[in-house]
Amino acid sequence: MKLVSTRNANESVEFSQAILAPSASKGGLYSPLSLPNFDGYKFKDLSYKDFALKLIQSFEFKLDKLFERALQSYEKFDEKSCEKHLKFSGKSCPIRLFKVNDKLYINELYHGPTRAFKDMALQPFASLVSELAKDKNMLIICATSGDTGPATLKAFESTLNSRVVCLYPAFGTSSFQALQMTSLKAKNLKSLAIKGDFDAAQRALKDLLSDSNFKESLNLAKIELTAANSVNFGRILFQIIYHYYALVQIDKEADIIVPSGNFGDALGAYYAKKMGAKIRRIKIASNSNNILTDFFTKGEYDLRNRVLQKTISPAMDILISSNVERLIFDKFGDKRTFELYEKLKNENYFKLTKNELNELKKDFEAEFCTDRECKKFIKDFSKIALIDPHTATCFKFKNDKTSIITSTAEWVKFVPSMFEALFDKPCVDEKNAMLEITRAYKNDLKSELLALFDEGQVEGKIYEVAELKNTILQWIKGDNK
Ligand SMILES: *Cc1c(COP(=O)(O)O)cnc(C)c1O
């Protein structure tokens with residue numbers, strides 16, 4: 001299948017090209033012109049991997065073998081399950097579906113090596129990239145607010161032809177997340193703490209990707225540049241599958257509730273719906289950076305009077321939610337997308353027409369949740385299970401319909417906030433707090449997670465955005481010696 005630019009549908013590329021060089025000209029994102037139909041319900045009895053392959057084939061036949069190998073990376077996920085998990089999981093199924101009651105399920109997507117749902121896409125994605133780029137050397141850059149970074153680094157750990165640089169906001173992640181990034185010692189990996197918030201990191205990434213001097217310098221070293229952020233369609237594809245598979249397993253119409261930041265996870269649900277999954281609505285949960293709530297309820301995307309707020313769900317501390325562009329393209333076409341994003345660039349603002357908004361409302365609802373509410377949801381639900389602060393935002397929706405909450409991270413990544421929510425006192429020491437929660441809630445913790453606190457060390461340097469280009473080039477040179 002060819003993918004086209006969201007801002008100019010005449011610009012099209014092969015699937016493999018979109019994965020290795022994801023940015024379209026004029027700032028668009030490569031997306032499918034239309035979604036294929038896929039009757040997943042026929043495949044209810046297939047394993048997750050076989051189901052995934054069928055779904056992928058509805059997009060793309062040519063890369064079959066590559067995808068098959070890529071999906072084997074799910075064998076690295078843990079196989080732990082409890083009596084509340086639906087029994088479909090079996091060997092190398094990366095997801096768990098936790099049944100709270102007949103109307104509420106939690107789709108646990110965090111059983112991968114770095115304990116956030118980013119592994120769902122990045123594990124197979126890394127395998128795809130290194131095979132597609134077999135005869136090349138790649139540099140993958142990612143911007144992270146705390147979960148994409150560890151997942152990207154881990155996925156590319158010791159791949160032979162790929163280096164990874166990860167940009168993260170110096171004070172924007174938990175200690176655990178910073179340790180996850182900096183404790184990986186493979187020579188092909190580099191993490192840089194930068195001055196600024198996640199949007200600054202994301203902007204720096206976009207600038208690097210479109211910097212022709214930078215690319216030239218890399219090309220001289222025979223290195224090609226790509227990005228691992230969820231703007232890469234290669235990641236989105238893997239994020240359709242887990243929504244669809246969960247729905248097929250419960251085999252009834254349901255709402256999907258998604259804690260949203262860059263809108264990749266939610267876009268996956270929307271695509272699943274268009275392909276044939278019985279999704280009633282996709283419910284977009286935000287924290288107090290509630291730009292998506294405004295977008296889906298008022299039809300406006302307004303950056304003018306907004307300042308990014310730090311919350312206890314940092315992966316959702318985002319104002320420029322990149323994948324919304326793909327939704328707009330799918331609903332309203334390339335010309336309208338171009339027009340709206342020009343307006344956003346020039347005026348920091350755009351507004352949909354009433355008809356357009358109504359069109360969105362057929363598929364979406366949106367709510368946001370303050371930190372205080374979020375902590376209450378964590379505490380209340382702790383009688384049943386521990387949920388992380390991102391997943392907790394989903395509890396803002398009253399679930400009168402059958403619903404699947406998308407659970408995006410394991411609580412261990414956000415110990416300070418979990419501790420405050422559960423015990424109503426400040427967390428002094430992240431490691432001790434982790435142990436205390438484990439004891440109080442009889443949670444069995446993987447020992448390597450705890451070991452991180454003893455082994456890891458975070459490098460002190462914080463980089464200016466302007467320094468990044470040279471720092472990266474220097475690192476690569478040093479690496480070549
Ligand atoms: C990345 C992330 C999100 C947001 O996902 P998007 O696809 O960016 O909307 C939510 N929760 C957690 C824990 C994450 O790591």
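## Glutamine 202 and its setting

Glutamine 202 counts as buried, because its relative accessibility is 4%; buried means under 20% relative accessible area, exposed over 50%, and partly exposed in between, with a 1.4 Å probe and protein chains only. The model is predicted: local features need pLDDT of at least 70, side-chain atom pairs count only at pLDDT 80 or more, and totals for chains, interfaces and linings use all residues. Residues are numbered from 1 along each chain as its sequence is written, and side-chain values use heavy atoms, with hydrogens and water left out.

Glutamine 202 sits in helix α7. Helices (H or I, at least four residues) and strands (E, at least two) are DSSP runs, numbered from the N terminus. Leaving aside residues up to four places away in sequence, glutamine 202 touches Ala143, Asn229, Asn262, Ile320 and Ser322. Contact here means heavy atoms within 4.5 Å.

## Pockets

The largest pocket has a volume of about 910 Å³. On a 1 Å grid over the protein atoms alone, a pocket is an open set of points with protein on both sides within 12 Å along at least five of seven lines, whereas a cavity is a set of points where a 1.4 Å probe fits but cannot get out; lining residues have an atom within 4 Å of a point. Grid points are joined across faces, edges and corners, and a volume is the space filled by probe spheres set on the points.

The lining of the largest pocket has 29 residues, with Arg7, Gly27, Lys206, Ile320 and Glu325 nearest its centre. Helices α7 (198–209) and α12 (324–347) each supply at least two lining residues. The most come from α7, which gives seven. By class, this lining has 11 nonpolar, nine polar and nine charged residues. Ala, Val, Leu, Ile, Met, Phe, Trp, Tyr, Cys and Pro count as nonpolar, Asp, Glu, Lys and Arg as charged, and the others, Gly among them, as polar.

The second largest pocket has a volume of about 600 Å³. Its lining has 26 residues; Cys82, Phe98, Glu108, Ala385 and Asn443 lie nearest the centre. The classes here are 12 nonpolar, six polar and eight charged.

## Enclosed cavities

How many cavities of 30 Å³ or more does a search of the whole structure find? The search finds two. The largest cavity has a volume of about 310 Å³. Of its 26 lining residues, Phe117, Lys118, Gly261, Asn262 and Ala315 are the closest to its centre. The elements that give two or more residues to this lining are α9 and α10 (264–275). By class, the lining has 10 nonpolar, 12 polar and four charged residues.

The second largest cavity has a volume of about 40 Å³. Ser260, Gly261, Ser286, Asn289, Ile291, Leu292, Met316 and Ile318 line it. They divide into four nonpolar, four polar and no charged residues.

## Nonpolar cores

The largest nonpolar core has 105 residues; Tyr244, Phe263, Phe295 and Phe296 have the most contacts inside it. Helix α9 (residues 233–250) contributes the largest share, 13 residues. Apart from this core lies another, of 37 residues, among them Cys374, Phe377, Phe397 and Val415. A nonpolar core is a set of buried Ala, Val, Leu, Ile, Met, Phe, Trp, Tyr and Cys residues joined through side-chain atoms within 4.5 Å.

Beyond residues up to four places away in sequence, phenylalanine 263 touches Ile284, Leu292, Phe296, Ser321, Asn323, Val324, Leu327 and Phe364.

## Cysteines

Which cysteine sulfur is closest to that of cysteine 142? The closest is in cysteine 166, 3.7 Å away and too far for a bond. Cysteine 142 counts as buried, at 0% relative accessibility. The sulfur of cysteine 427 is 16 Å from its closest cysteine sulfur, in cysteine 374, again too far for a bond. A disulfide is a pair of cysteine sulfur atoms within 2.5 Å. By this rule the model has zero disulfides.

Phenylalanine 419 lies in helix α16 (residues 415–423). Phenylalanine 419 is buried, with a relative accessible area of 4%. Among its contacts, not counting residues up to four places away in sequence, are Asp424, Pro426, Cys427 and Ile437. Its C-alpha atom is separated by 9.8 Å from that of lysine 379, 40 residues apart along the chain.

Aspartate 424 lies in the loop between α16 and α17 (430–440). Its phi is near 55 degrees, a positive value in a residue other than glycine. Aspartate 424 counts as exposed, at 70% relative accessibility. Arginine 115 also has a positive phi, of about 65 degrees, although it is not a glycine. Arginine 115 lies in the loop between β5 (104–108) and α4 (118–132), and counts as buried at 1% relative accessibility.
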